[in-house]
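Look over the structure before reading on.

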Amino acid sequence: LDTSVVLTAPEARPSEGERMMELAQALGAPYLRVFGGEVPEGESRRDCVARAARKLALLGRMAQERGLRVLLETHDAFSSGAQVGELLAAAGEAGTGALWDLHHPVRMGESPAETARLIGKQTYHVHVKDAKRDGSLTLLGEGDLPLPGLLAELHQVGYQGYLSLEWEKAWHPELAEPEVAFPQAAGHLTDLLQELGIPRR
């Protein structure tokens, strides 16, 4: 379940996450996505990470009590596996994990193998997309992301979850319509998995 919870935001409160947990339970969704957010002006990264970790740890414990898990996405000031891993380690493992958006760690200069080493075992959900080196999003296979390598690394660490296309049409109206992008992505991912010898579940 996508949420608008941002861990570094001063207004973020546990009650906000708790309401989303109730909705997740009602929908049968096992995971809740949260953002780390940006480091506020005037606050050191060290202090910001410590503060965000306390909130994530609290949300994780609340989620665990409900049979849920809170996933921190590779995004914002926590776009790399190193940054997400740092925050997860500070928060502890109880009820927490990673949502690996394949684009952002690559954009940060992190190799698929390095991201997998840092957060692969803690990854419970994956956002798939493709993009050019300038950051412009494309149909899968038309950008510069090393999708075969990324999928191979996920398989290597034993990832068994969904590969979820994140199609940001609402924020990037120049993108192809969903009626075009969704079947294209399904076909491209199916072909890649077959080429890599990764069985579909």
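The lining of the largest pocket divides into 11 nonpolar, 4 polar and 2 charged residues. Ala, Val, Leu, Ile, Met, Phe, Trp, Tyr, Cys and Pro count as nonpolar, Asp, Glu, Lys and Arg as charged, and the others, Gly among them, as polar. This is a predicted model: local features need pLDDT of at least 70, side-chain atom pairs count only at pLDDT 80 or more, and totals for linings use all residues. Residues are numbered from 1 along each chain as its sequence is written, and side-chain values use heavy atoms, without hydrogens and water.

**Largest pocket**
- A pocket is an open set of points on a 1 Å grid where a 1.4 Å probe fits, with protein on both sides within 12 Å along at least five of seven lines; lining residues have an atom within 4 Å of a point.
- The volume, the space filled by probe spheres set on the points, is about 500 Å³ here.
- Of the 17 lining residues, G161, L163, L193, R200 and R201 lie nearest the centre.
- Helix α7, a DSSP run of H or I with at least four residues, gives the largest share of the lining, 5 residues.

**Second largest pocket**
- This pocket holds about 210 Å³ of space.
- Its lining has 3 nonpolar, 3 polar and 5 charged residues.
- Among them are D2, R33, E73 and W167.

**S79**
- S79 is buried (under 20% relative accessible area), at 0%.

Methods
Helices (H or I, at least four residues) and strands (E, at least two) are DSSP runs, numbered from the N terminus. Buried means under 20% relative accessible area, exposed over 50%, partly exposed in between (1.4 Å probe, protein chains only).
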